[in-house]
Amino acid sequence: MAKEVEGLKHSDCRNFIPVDVAKGICGARNEKVLIDTPVCEKFATLPKCKNCACFTENGDEGFGVCKADDKMEPWTFAELHAVTCEMYRDK
Amino acid sequence: MSKTLADILQEKGIPISFEYGGKSPDEMVSREIQKEPTPRAKKMRDLYFDTLSSATVEFPYWYTRKYEELEHEIPVVRRAEALKCAFSHLTPTIWPGELLVMGKTRYYRGSFPLPWLSEGYFMAREDELYQSALAKGGASADEVTKWGAGGGNVTEDFGNVVSIAGKFGIRNEEVPALLRLARSWVGKSVDDLSNKYERLVPEYEIKENIMRSVICMFDSGYTLPQGREVTNYYYPLQYGFGGIIDIAKEKIDEVAGEADGDGIIGMDRLYFYQAVITVLEGIQNWILNYAKEARRLAGLTDDAAQKKEYEDIAERLEWISTNPPRTFREALQLTYTTHIAILNEDAISGLSPGRLGQVLYPFWEQDMEAGRITEAETLELLECHRVKFTCIDCFASAGVVGGVLSGNTFNNLSMGGLTKDGQPATNGLEMLILEAAMTCETPQPTLSVLYDDKLPEDFLLKAVECNKTGTGYPAWMNFRGGVEFIHDQYQDEGMTLEEARAWAIGGCLETSPGAWHELTLNGKKYSIPGGAGQPTSVGVHFISNPKVLECVLFNGHDHRTGIQVYPKHNKKLETYEELWEVYKEYYELTVDALCKCNNIQHDIWRKQNMGVFHSMLKPDCLDKGHHIGNLGYRYNATYNVESCGTANMVNSLAALKKLVYDEEKYTLDEMKEAILANFGFKTAEEIGSYSLGLQEKKAGGEEFDEIHSDCLMAPKHGNADPYVDAILKDYEDWFCKMCRDYYSLYARPLYACQISVSTHGPQGASTLATPDGRLAGTTFADASMSAYPGTDRNGPYALFSSATCWDHSQSQNSQMNLKVHPSAIKGLEGSRKLLDLTRSYMRNGGFHIQYNIVDSKVLKDAQKHPENYRDLLVRVAGFTQYWVELGKHIQDEVISRTEYEAI
């Protein structure tokens, strides 16, 4: 059953297997889904910078800084995947 | 309604026909051989058919982040660290049902921009891209249904997707990051930095004019700095990545602080070995991230069979991340992983796996003997391998990806040829590779047979059967011709005849040097071939031969752009000899200017963006301690001069010689006037067709009818006519020799390369009418030895006679495409005829031939109803591509090629 959650897309879900920029496969339901359609109750958060405790947003285009590296504080962006980031910490 | 040229010719009884040897049946005839893939491969291929080319900034983000952190590091180590960081952070995706896993990005058909090579494209469109990204839309099912036409190309924005470079889609939420990354490379990219120094070349202005007038198609230094070469999998197969790291560590102990007699780059060896270790650690992380993902998925599924597959995948990946493979399955995964890693390291088109069936044979032979794999399981794996290779996309600018490559990536797999000791090199695995190419028709990897009279008949007939699927592969290459060229080209660098036999095709049909390595598996020794040379995608690419002639006729001036391209020659061109001399002068000026600028681009590339991973794979980088840029490869004389439009240029010279100089029927001014008036026809752009026969007469254009008829009737290449064959021979003798007068940045002479890829479309589009009667803007003849459509009137053997009037072993290649109606080669008798035809061309010294076995009516229908032909494959010029992903210039040209109804 689909649910509307403000700003959430299928590409925010850990169960989503991306195929291309428009669609993917829902691993939980084993069906093709469009990225920009409502997510369902099986939604599980995918690690992205925006979901990371080290991320501080500082702009209106989704940009922010990564505080995990407190010396460099490199810029990053909210939608960057962090599945493989060794510094990722859930908010 | 305006009359087309075909109508006019028919009315006048002028014998230009687009069919030879009879008339094709009225009904559409499909291809004789049609097979089906296994359900698994079909599922993966169906997913591909429904997938858009998709770009993401994940790799460039992490690359740039690390690169910026290490401002003061040694360049090769800095690059290695950036690559390690990028590989380590790629998000792994495994699609349900896959046996072979991993990919360039998280998308099924994914790729990414490399702004460190060139960021100019994004900066030039910064505002436009921002606007597209800001105009958020809700993707709807209606929009989704539009995807079919054009295949997977994202040619325009939709929903939350922005189209870039006319082919790739990117999510609009990533566009700001893409632009920020591009901005960070301004003034630092290979493109920007090399341009700064190119400007110091005295001929720079001429070079720029040459590019603007599309006499040359593209700069290779920052677009596709590597490719059209054969890679080498020997070291990972023999030692594993862990073993290579150990070798590099031992080498560091040997070379640290030692120049060893080389006071210039001797010390660089330390940094190179350190860079090798760093990059390999990144690649190991990348593989292990996929293994983790497979374990995660195994933990989620309730399907026992799927769970087992995920666990097997994880186990394979964990093993090959460090160790040499033990089985065929592991070896296939490792070679595929290695291939993708190379393609992520740099922008590369035409990275060929070489003679992969011979490379993997040891593993397959031992698995078959031990009962670890069956032929059916092998076939399924090879089909999956085809789909994975077809998913490879190459990100470059629109002009390069569309205009030159037609979206193709040219991962050419070679088969056949001879072994080190001169025996047939075919094996049972190559038979299965051919079978998989029939059961699972896909553009990649395309196939080439290295033809030799010694090859067994059953293998050759199997290859012909594969041709009859209509996919255009395998192409046929002359093995002994290749050996002659390779041996001659590289003997100064130590090439022996034995080693010359290790050659294979890189890219479309670029003869590339190889080497033999002894691979030991379970105590048994095998000699396997692999690439040993630099890229051949580099050098002067592609020169439009007819356009140079146009500039000769118009005193160096390009009428399309209004640019004075070359210095005025101010000659009256009173004799054919004088015309030919000026042609050669302009051509040499072109090669000179382009070669110098190109050398600078590649010099910047090797200093800033050298291949580390790819370098260490090829001999003798690991032994010498030098990457490609420091001449680590065994063979380095690989830079070439590529030409386009040879048949139209030769035909035009023949028409001028006959009509202006020998018979004096027209003055040169009259010929020029007719050319500028496009012989009284509308432009190709105006009517939206690029095929000669469909061009429409302008109202009042009849005043040029006679001269146009005479030009069309002048002698044409491909008819065994000594008049025009002599012109081709003169040209080839001069061209092949002239190229060697210019030197690459590695101080090695250039050589001739004669393929068109897709450049005959855009280069034809930017050229006026030509003296052979071709009209303005229409596509040139494809390849280099093919006849211009409709002008080969004496059959294939006459065409072969013309094409072999010169010595093909003087050139890296030549190219001949032939379109044959399926009914002309039906049954076993038809197969034998096609094999005899091929043998005849090879025995006469032709280097390459490939066939489009297709009914032109199918292509015409596909052009009208692309939605019904998503899976239709055609051969273009050295590559096979989905019809719906080809531009109209090329579609029109393939349709109009002479169709042989009998051979």
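View 1. Buried means under 20% relative accessible area, exposed means over 50%, and partly exposed lies in between, with a 1.4 Å probe and protein chains only. A search of the whole structure finds 50 aromatic pairs over all chains. Rings of Phe, Tyr and Trp (its six-membered ring) pair if their centres lie within 6.5 Å; planes under 30 degrees apart count as stacked, over 60 as edge-to-face and the rest as tilted. Phe59(B) and Phe112(B) are stacked because their ring centres are 4.4 Å apart and their planes stand at 15 degrees. The pair links distant parts of the chain, 53 residues apart: Phe59(B) sits in helix α3 of chain B, and Phe112(B) in the loop between β3 (110-111) and α5 (120-124) of chain B. Helices (H or I, at least four residues) and strands (E, at least two) are DSSP runs, numbered from the N terminus.

Residues are numbered from 1 along each chain as its sequence is written, and chains are lettered from A and ligands numbered from 1 in the order in which they are written. Because the model is predicted, local features need pLDDT of at least 70 and side-chain atom pairs count only at pLDDT 80 or more, while totals for chains, interfaces and linings use all residues; side-chain values use heavy atoms, with hydrogens and water left out.

**View 2. A cluster of aromatic residues in chain B is linked by ring pairs.** The members are Trp580(B), Tyr583(B), Tyr587(B), Tyr731(B), Trp734(B) and Phe735(B).

**View 3. Chain A is built from strands, with 8 strands and 0 helices.** From the N terminus on, the elements run β-β-β-β-β-β-β-β. The C-alpha trace of chain A spans about 45 × 25 × 25 Å along its principal axes. Of the 91 residues of chain A, 54% count as buried. Contact means heavy atoms within 4.5 Å. Among contacts in chain A between residues at least 6 apart in sequence, 52% join residues at least 24 apart.

**View 4. Chain B and chain A meet in a contact that takes 44 residues from chain B and 31 residues from chain A.** Tyr61(B), Arg65(B) and Arg180(B) supply 17% of the area that chain B buries against chain A, more than any other three residues. Buried area is the accessible area (1.4 Å probe) that two parts lose on being put together, summed over both. Between chain B and chain A this area is about 3300 Å², and carbon and sulfur atoms give 64% of it.

**View 5. Salt bridges cross between the two chains, and the count between chain B and chain A is 4.** A salt bridge is a side-chain nitrogen of Lys or Arg within 4 Å of a carboxyl oxygen of Asp or Glu. Asp36(A) forms one with Arg171(B), where the closest N and O atoms are 2.9 Å apart. Both residues belong to a network of salt bridges that also links Lys9(A), Asp12(A), Lys48(A), Lys50(A), Glu79(A) and Glu173(B).

**View 6. Salt bridges are also found within chain B, one of them between Glu380(B) and Arg40(B).** Their side chains meet at 3.2 Å, N to O. This pair links parts of the chain 340 residues apart, with Glu380(B) in helix α17 (residues 375-390) of chain B and Arg40(B) in helix α2 (residues 39-49) of chain B. Arg40(B) counts as buried, at 18% relative accessibility. In another salt bridge, the closest N and O atoms of Glu208(B) and Arg212(B) are 4.0 Å apart. Glu208(B) and Arg212(B) are separated by about one helical turn because they are 4 residues apart in helix α10 (residues 204-212) of chain B. Glu208(B) is buried at 18% relative accessibility, whereas Arg212(B) is partly exposed at 43%.

**View 7. Gln358(B) lies in helix α15 (residues 356-359) of chain B.** Gln358(B) is buried, with a relative accessible area of 8%. Not counting residues up to four places away in sequence, Gln358(B) touches Met415(B), Gly416(B), Ala425(B), Asn427(B), Glu430(B), Ile528(B) and Pro529(B). The C-alpha atoms of Gln358(B) and Ser527(B) are separated by 8.9 Å, while the two residues are 169 residues apart along the chain.
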